[in-house]
Amino acid sequence: MTTDRAQTTAAQSEPPAARSSRRRGGTPLIITGSALVAVVLLMAAVSLVWTPQDPTATDAVNRLASPSAEHWLGTDGLGRDIASMLLAGSRVPLMVGLGTVTVGFLIGVPIGITAAMTDRGAGMWIMRGNDILQAFPALLLAIVLAAVFSPSTLTAIIALGLGLAPGVARVARSGTLQVLSREYSLAARAAGRGPLYLAVRHVLPNIRGILIVQASVGFAIAILAEAALSYLGLGTPPPAASWGRMLQDGQSVLQIAPLTVLWPGAAVATAVLGFNLLGDGLRDRFDPRMEVSR
Amino acid sequence: MSTDPAERLLSVENLTVSAGSDQLVQGISFDLFRGERVGLIGESGSGKSLTCLSVIGLLDEGLHAEGSITFHTSGAAEPGPETEPQHVDLLNADENQLSAIRGNRLSMVFQEPMTALNPLMKVGDQLAEVIRLHHPKTKDLRPRVAELLASVQIPDPQRTATVYPHQMSGGQRQRVMLAMAMANGPELLLADEPTTALDVTVQKRVLNLMAQQVESVGSSLLFITHDLGVVSEVCDRVIIMRHGRIVESGPIDRVFTAPEHPYTRSLLAASDLETHPATGRLLTLETADDAHAASDTPPDTLESRAESVSPAPASPAHEPPQAAAEHLTLPAEGGTPVFNAVHSPALRVRDLTRTYGKPGLFGRGMVVPALRGVSFDVAVGQRFGIVGESGCGKSTLLRLLTKLDEPTSGQVEVNGEPIPGRPERQLRWLREAMQIVFQDPMGSLDPRMSVTDIIAEPLHGASRSQRGARVNELLDQVGLPRSSAEKYPHEFSGGQRQRIAIARALVTRPKILVADEAVSALDVSVRAQVLNLLDDLVEEYNLTLVFVSHDLNVVHHSCDVVAVMSAGRIVECGPAETVMRTPAHPYTAELVAAIPRVREGAP
């Protein structure tokens, strides 16, 4: 009886479910960014199974060769095939990007959420510590770590991840504060739910959007930083191919063979631009401050 | 300027507003005559605001308006005796033509006084800007600005002209908005829910001011609102819209006393919180007609006719469980009394105080008392209403009662157990015994959680099947289909969301339910349904209800005992009927007097 009565009352007259009127922004950016990122991903995937030549094989006779059927993009100063190196070299930036974002998020997100959820005093101290970390240049940290532990992809990932974490923590904190001020967070507290439940069930799903944006931008920063480290000889050690080191190798023959620098430069630019555009597009779509709702 | 009353000022013909293939306004036509004050009434989604925005040409991109809106202005920007009357098609006018008219012959007051003024510009400069735009030759605008501010009864206009919007109250800001809108003596003033964001006592003053301004300048008024009471304060003619169509229009006296369309009838009933003559339940859109049609038929036949009304409690209104509460007011001098004192109450509050801020490191801090020594009891099974305007401390009080915040001093006892200062892990019983329904049905449901997860949130350690069973049971009780369980909040309307919030609050079978403005964000017709639902569930679950609202009318309907709060204290408390009929404290009297009445003699 209760059922019948209640159902009839609910069905009456209320307007149909309000449609989400969030504007779907940033779509062209997302498409362009995704396409560029896809190019890099495809290069990495292809290089796993096939490259035109062995990217590490040197050929003293064919040094600085022009593009040909055998060497599509020519060869470098040691006679290595540039096209093959370019393909093989795409794996490192992607790995560093993924590693950096993972390390940065594993450290940054818990710090940010904790800082927002503890009382104001403790939260403030956490964030001041975070500020000090942020003030320390990540590249410098990477150089120090490379000097202490010998240069490797892993040291680069750890150093860049530590550099990324404070920024992530800030974004996570501000997102968490917003979620905590919503009535559904109060309702969860009034339902006797503890901080861990709140963080996992309410905070994380609701800050997911801004975190994805942050990850995409972090990816771009990491790729650029890895190229810089490799260029300085502090990133991925030889003989593994790396865009950054290709730039460095090409620098000495820049005058006579500019193509040796152009190709890796274009590759880095493509990857960074791709992730940045993707990040911007996602921001336009996810950022609640830009949402247009009526 | 001619003042011929029959002269048309605005003609809307066959106006259609569409978003893609959706028609949001479906071919409406109406005329507005010079000097006339027309209320455009409708609930959310009725298209009233879109109509208004089409007139002033501020529709969102993505929305498309068709038809014609003709503005018969008496002249262009420069007032002069020789200006020819013009007929401007507002829908097809170019931006230049519109700019010359907007803010000059046609102006608008928006709903939200917080965001409608530029926060980085002094109030006087914003006013001056509006005048200068249309009268660029004027030299010193300060006297005119001061005059305008004075005309909207802003104290010390010279000084006020030099402050920033955040230094003013909401009511003052809305007056500044009104002054800006009236600055150039517009022929037509559009007002879109101009007082909805204001407290009732402030609302009353702003409405009076608006009526008076419009009259003295000789403007016409198109007043958009959902509130029938407000309309009757300022308008002479009303147009009632629903689902993008006009359902009824006519002189306000005729429409409000002898409404022709059933929707108008039910809207009036819902606004007045009219109850069914036989069952004592609030009239909703469906039941209103039954009640009116059958008001002379004997109650037993009526019972069967009002099919959506359950065989409700025989007594028309709920009886207080014990002897009527004592009617007390805050004495001008001396300590604060204990209001509504009873033996073994469900909720006991003593000398509760909460201040925000602290003195600060260098003595610059500010201490703001939000709650200043509140003492009262709520008896088991009682429906206790707390009424007050914004900033009176009612939300603070509610957070202290539910232990979402710690008091500065004082005591709260729930079923005899003290609450403040106890760690959360000792309060598991409280979280089950006491639940809250929040105001904003948008904000109180996590958009990323399914309805099942939302409703079952307070259930700790229940198995999947137990949760599912209980959620289904509650969906039935709050009148939502069981298929809702797998859906997400954005798929529901405001009223349905509030039902979900109520279901969540009842899932643990609490003893005490705290409702924070639970119906304030809802349309009037939905409000009646949700209040009926709350009534039923309070019976069914034997709840003690603490109902916080700014709306004395709603509290009067839903509660046995009412406490009126002002500036952090309870100023009056007593049986709802008594407080409403014979308010003893001057503040309560002002509050009661400020309630906009739809019809004389309505409750």
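## A walk from pocket to helix

Start at the second largest pocket, which holds about 1,400 Å³ of space. To land in the middle of it, select A:Ala116, A:Met117, A:Thr118, A:Asp119 and A:Arg120, the closest to the centre among its 38 lining residues. (On a 1 Å grid over the protein atoms alone, a pocket is an open set of points where a 1.4 Å probe fits, with protein on both sides within 12 Å along at least five of seven lines; lining residues have an atom within 4 Å of a point.) You're in a predicted model, where local features need pLDDT of at least 70 and side-chain atom pairs count only at pLDDT 80 or more. Residues are numbered from 1 along each chain, and chains are lettered from A.

Now colour the lining by type: 14 residues are nonpolar, 7 polar and 17 charged. Which helix gives the most to this lining? Pick α5(A), with 8 residues. Chain B joins in too, with β12 (347–356) supplying at least two residues. Helices here are DSSP runs of H or I with at least four residues, strands are E runs of at least two.

Last stop: α16 (residues 464–477) of chain B. B:Arg470 and B:Leu474 are among its buried residues (under 20% relative accessible area, 1.4 Å probe, protein chains only). Just past α16(B), B:Gly479 takes a positive phi of about 80 degrees.

Conventions
Side-chain values use heavy atoms; hydrogens and water are left out. Buried means under 20% relative accessible area, exposed over 50%, partly exposed in between (1.4 Å probe, protein chains only). Grid points are joined across faces, edges and corners, and a volume is the space filled by probe spheres set on the points. Ala, Val, Leu, Ile, Met, Phe, Trp, Tyr, Cys and Pro count as nonpolar, Asp, Glu, Lys and Arg as charged, and the others, Gly among them, as polar.
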